[in-house]
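Here are my notes on the model you sent over.

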Amino acid sequence: MFIIFGTRGLKHTVSESPVLSNSCPNCNNGNLENKLYRRWFTLFFIPIIPLDVVDRFYECDSCKSAYNEGIKTVLQRSQEEIKENQKHAKLVFAKALVASMTHMSIIDGDFAKEEEREIMDAIEGFSEIKDDLMVIHQDVKENGNQNNQVFNFLNEARSQLSSEALINILAQAAVVLLADGSIEKEEEDLMKEYLIACGLPKDMYHTLIDKLKRKDMTKIKKEQMN
Ligand SMILES: [Zn+2]
């Protein structure tokens, strides 16, 4: 009788290593499992004794793509970067929003209750940076566009946010403009300056105001119906 022995590699899942859920860069929703190839000593082709680990890697349970172990750090870093970027964009958006809303509400020399309520509602929407926004609100309320501060916030927003985000900011500033029921000349001129500062056409002013007025009308109709 003769004995057949040899070695062969077997793939194992590393059970103590957490699965990276829904993070396969190839198919976008596969889970990455930590795997290792271990060489086994075989007797009659049956693995008997585990030998050395040949390779460790991550494998997608859906599309079967394989990645080296560095993928874990890359994924964690990009998650953190995405979170950081979102947080920053939100801050830039909120600062420009509060600065322009406040500026718009004082430009006619009269800070109306309805205007203040719209601004406070906007600030409430950003609970985690509320204190910073209150500081900007107070500063602009007292000093207006001193040192060009309002336009600096708008410029920052223009350089970092999408046009959709900018239109959103100006639409909310326009809500303030309409809040006390009448549009003063200063308010109209200022809104046009904002549009230019945001790199948007000045004519957009009429589109914005028409849209908001129509929305107001439906709101009033709804309130009357209730
Ligand atoms: Zn995959």
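**Notes on the model**

1. Let me start with a single residue. Glutamine 76 is partly exposed, its relative accessible area being 44%. You'll find glutamine 76 in helix α1, which covers residues 71-106. If you want a distance to check there, take leucine 20: its C-alpha atom is 9.8 Å from that of glutamine 76, while 56 residues separate the two along the chain.

2. Do keep in mind that this is a predicted model. The chain has a mean pLDDT of 90, with 95% of its residues at 70 or more. Which element has the lowest mean pLDDT, and which the highest? Among the elements of the chain, the lowest value, 73, belongs to helix α7 (residues 204-225), and the highest, 96, to helix α3 (residues 130-143).

3. On to the overall layout. There are 7 helices and 4 strands in the chain, and along the sequence they come in the order β-β-β-β-α-α-α-α-α-α-α. The radius of gyration is 30 Å, whereas the globule rule gives 17 Å for 226 residues; the former is well over the latter, so the chain is more spread out than a compact globule. The C-alpha trace spans about 105 × 45 × 30 Å along its principal axes. As for burial, 34% of the 226 residues are buried.

4. The zinc site deserves a look. What are the protein donors of the zinc ion? They are the SG atoms of Cys24, Cys27, Cys60 and Cys63, at 2.2 to 2.3 Å from the ion. Along the chain these donors follow the spacing C-x2-C-x32-C-x2-C. The angles among the 4 donor atoms run from 106 to 117 degrees, and the site is tetrahedral. For reference, the ideal angle for four tetrahedral donors is 109.5 degrees.

5. Aromatic pairs next. The count comes to 4, and one of them is formed by phenylalanine 5 and phenylalanine 41, with 5.9 Å between centres and 35 degrees between planes, a tilted arrangement. This pair links distant parts of the chain, as phenylalanine 5 is in strand β1 and phenylalanine 41 in strand β2, 36 residues apart. Phenylalanine 5 is exposed, with a relative accessible area of 59%, and phenylalanine 41 is partly exposed, with 26%.

6. Asparagine 28, a residue other than glycine, has a phi near 75 degrees. Asparagine 28 belongs to the loop between β1 and β2 and is exposed at 59% relative accessibility. Phenylalanine 45 is not a glycine either, and has a positive phi of about 70 degrees. Phenylalanine 45 is in the loop between β2 and β3, and with a relative accessible area of 60% it is exposed.

7. Now the helices further along. Is leucine 177 buried or exposed? Leucine 177 is buried, at 0% relative accessibility, and has its place in helix α5 (residues 163-179).

8. Last, a couple of charged side chains. Glutamate 193 is in helix α6 (residues 185-197) and is partly exposed, with a relative accessible area of 42%. Glutamate 193 and glutamine 86 are 107 residues apart in sequence, and their C-alpha atoms are 28 Å apart in space. Lysine 192, for its part, lies over the face of tyrosine 205, at 5.3 Å from the ring centre.

Conventions
Residues are numbered from 1 along each chain as its sequence is written. This is a predicted model: local features need pLDDT of at least 70, side-chain atom pairs count only at pLDDT 80 or more; totals for chains, interfaces and linings use all residues. Side-chain values use heavy atoms; hydrogens and water are left out. Donors are N, O and S atoms within 2.8 Å of the metal (3.2 Å for Na, K and Ca); water is not among the atoms, so sites may look incomplete. Four donors count as tetrahedral if all angles lie between 85 and 135 degrees; four count as square planar and six as octahedral if opposite donors are over 155 degrees apart and all others between 65 and 115; anything else is irregular. Rings of Phe, Tyr and Trp (its six-membered ring) pair if their centres lie within 6.5 Å; planes under 30 degrees apart count as stacked, over 60 as edge-to-face and the rest as tilted. Helices (H or I, at least four residues) and strands (E, at least two) are DSSP runs, numbered from the N terminus. Buried means under 20% relative accessible area, exposed over 50%, partly exposed in between (1.4 Å probe, protein chains only). A charge sits over a ring if NZ of Lys or CZ of Arg is within 6 Å of the ring centre and within 35 degrees of the ring normal. pLDDT is the predictor's confidence in each residue, from 0 to 100. The radius of gyration is taken over C-alpha atoms; the globule rule is 2.2 Å times the number of residues to the power 0.38.
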